[in-house]
Each structure stands twice: as structure tokens, then as C-alpha cells.
Amino acid sequence: MKIHEYQAKAILARYGVPTPRGEVAFSKEEARAAAERLGTPVVVVKAQIHAGGRGKAGGVKLARSPAEVAELAGKMLGMKLVTPQTGPAGRIVRRLLIEEGLDIQRELYLGLLIDRAVAAPVFVASAAGGVEIEQVARENPTAILRETIHPAVGLQPYQARKLAFGLGLPAEAVVAAGPFLQALYLAFTDSDASLVEINPCVLTGEGRLIALDAKMTFDDSALFRHKEIRELRDLDEEDPLEVEASKFSLNYIKLDGTVGCMVNGAGLAMATMDIIKLAGGAPANFLDVGGGASAEQVSNAFRILMSDPAVHGVFINIFGGILRCDVLATGVVAAARELDVKVPVVVRMEGTNVEQGHEILRRSGLNFTIARGMKDGAEKIVRLASKA
């Protein structure tokens, strides 16, 4: 789950991470009032969407009076902001962060994430802040510092000093960096975050380190422990079909292709998308119904697939272990009848009760195509979808 910048800053501030003074605004009147309360010569007006690259897209502006803040807010609220992370569809700006301007001397990058290769958190830092870290990694990989943290002992003082010196901070800022990085790490672990990114973290003219931006993403599986974080979810920032899928504990991600995919298991889902591409098609989604899905979940998954008008065909690729093939077939038949499905549906099943599953599909009287393997299924659905 993602949250907005102002929400992430509020969490970080509770752990002692310095952040600029600011307020959220939902109207130009609220924006003007916030600027008046800040009372600083320069005020920053920042669009709040779940995507980076806002500044280059016109989503971050400077103002020098409350009246100018109100004028900018009136233009930005309701605008469609298109950044490299939103795709061409963009996102509608519904809220703004009104924040004090700072005397910025240097911009740095700080990030915390889970390195699955070593099963531990890792601090990522770079003196090239304010730039997409992917660009830095591509053009100058030696500019990126990494510090792996043992989860049982946490971030050690020597590691914080190593990062601070590696960033080339002056002596007085090195001293401040220790508590800053420790607070950032504590916020990361306590909130069960999967990502904390500060880009940029700035060094001010006074020698202070401040989180000028903040991005946090959380492990959905741990949200039951964090009611206060769950309540920060902004459904307007999520794809409606992804929101609907989450109601039924389905893992769904919208993509740009025309072949809808229903699969059980993330690894099989990735392989399915690959083999569709190999066959000359393009997947319309990632949909993992999970290992123990019920007939009702399968039916809801199929309904969500068919809610996407871009889907010209459906490839169901299931290995029946915990999810038996007859349960899958029952759910798919029920959904296809209810929705009066017109697009071609190719089903590849292997595993428990596979013959019973095939028999249910055959007796349904519906136009299912049964595949004998992944390659066969991918080739059939790509061919049928292109005709549809």
C-alpha cells in the first residue's frame, strides 16, 4: 500500500526525522490559509499523487505570497498530472501539500528497502539527490552507496557514519546524520514498510538534514497490525479494478495488453505473461487467485477480468494443488454464465481432479477451449484474441 508524501512525512516526524513545516490543502482557500500560517517568504505548492517525477511535470511550484499560493492551487487542483511513473493516463490532483521553502545547499538521496537476495534491509544512499535513482544507477553506478543491515541488531552507529562520510557531508552534518538515519530506520521497521525513499534529503544553509520529500510503501500482509496506516489509503489513487480485487484477497495489476490472465501463484503468473509475449500477444493484467481460492473467489476473479474492456480473450492457467481443478472449473462456468461472456476463453489445467475439471467445462455448453500445456494455451489464446 502506498500513501501520500504529506502522510509519509507525518509518520517520519513522529520518529524524529526532521521534515519541513507544511499542511495539506483540498481547496485554494485552504491553501491560502496554510500559506498565511506558515508565514515564510517562499512557499512550495506540491501536488499529492502516488507517483514520482512531479516537479518536471509541473506538480511542484514556488510562490512568494498567500495570494500566489491560492492562484497556483486553483490551477493545480483537478489537473491531470502525467509523469513517467503515472503513464500516459496520468493522475488527477485532488490534494496539495503547502510547505515552507528552505535554504537548500545540497540534495542527497536516501532509501530503505528489503534486499530479498540477502533477506535483510538495505540502506541505499547517493550524493546525487533530486534525480531518479534508476538514472543514477544507469549512468554512474559507483555513485550509489549500499549498507546491508542485520535485522536482529539494526542499524549500527558505524554504518550511519560510513554512509555520512560516503555522502561527503561536512563534519557537523556527519554528527547529525547518525540520529537522522537511526530515526529513518526505526520508522521503516516499526511501520512494516517495504520502502522508504527520501529524494531529496537536503542539507540546508544552517547545516541541517531535512527530508524534503518522502515516499513510503507498506507490506500489505502486515497492515492488520497498523490500523492507523490502513486508514491512510487513498482509493482515488488506485486502479478501480485493483481496488475491487483487493476486496476478495486477489492479487491484480492492470497492464496494457489484450489477453486477460487468471493464474494461481506469482511465479506461474510471471511465466504465463512471458509465454503470452513469446506467442506474439500482450497480457492485459497480472491476476493471482492464490493457492487456496474458492469457487466464489474464482468467479469474482473472472468477473474482474471481464470488467476490463481491453480484454479480447482470457487465458486461465492453473496448477491444481490446494486449488482443485474441479473447484476452478465450477467458478469459471458460474461466472461465464452470469456475465454472458463473448470473448474466447482458453483453459489450461494440471493437477488435482484435472479430468473432473475438464468434464465440467465440456458439459457447461459454453465455448471454452481446453489447452494441453502452457505453450499450446498461449498460442491458442493469442490467435483467438487477435480475431476477437
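**Close-ups of a predicted model**

**View 1. R146 and its side-chain partner D115.** The side chains of R146 and D115 make a polar contact at 2.7 Å (a pair of N or O atoms within 3.5 Å; within protein, one must be able to donate a hydrogen and the other to accept it, and residues adjacent in sequence count only if both atoms are side-chain atoms). This is a predicted model, so local features need pLDDT of at least 70 and side-chain atom pairs count only at pLDDT 80 or more, while totals for chains, interfaces and linings use all residues. Residues are numbered from 1 along each chain as its sequence is written, and side-chain values use heavy atoms, with hydrogens and water left out. R146 sits in strand 9, residues 144-148 (strands are DSSP runs of E, at least two residues; helices are runs of H or I, at least four; both are numbered from the N terminus). With 48% relative accessibility, R146 counts as partly exposed (buried is under 20% relative accessible area, exposed over 50%, partly exposed in between, with a 1.4 Å probe and protein chains only). Setting aside residues up to four places away in sequence, R146 touches D115, V122 and F123 (contact means heavy atoms within 4.5 Å).

**View 2. K46, a buried lysine in strand 2.** K46 belongs to strand 2, residues 43-47, and counts as buried because its relative accessibility is 6%. So what does the side chain of K46 make a polar contact with? That partner is the side chain of E5, at 2.6 Å. A polar atom of the K46 side chain also lies 3.1 Å from the backbone oxygen of L212. Beyond four places in sequence, K46 touches a list of residues including K9, R54, M76, R95, E99 and D213.

**View 3. The buried side of helix 3.** In helix 3 (residues 66-76), the buried residues are V69, A70, L72, A73 and M76. They lie on the same side of helix 3, because they cover an arc of only 165 degrees around the axis (taken from the directions from the helix axis to the C-beta atoms). An α-helix has 3.6 residues a turn, so residues three or four places apart point the same way. The buried residues of helix 3 pack against helix 2 (28-38), strand 2, strand 3 (60-63) and strand 6 (96-100). After helix 3 comes G78, with a positive phi near 90 degrees.

**View 4. R230 in helix 7.** R230 is found in helix 7, residues 227-230, and counts as partly exposed at 37% relative accessibility. R230 and I3 are 227 residues apart in sequence, yet their C-alpha atoms are 9.5 Å apart. Ignoring neighbours within four places, R230 is in contact with M1, L223 and F224.
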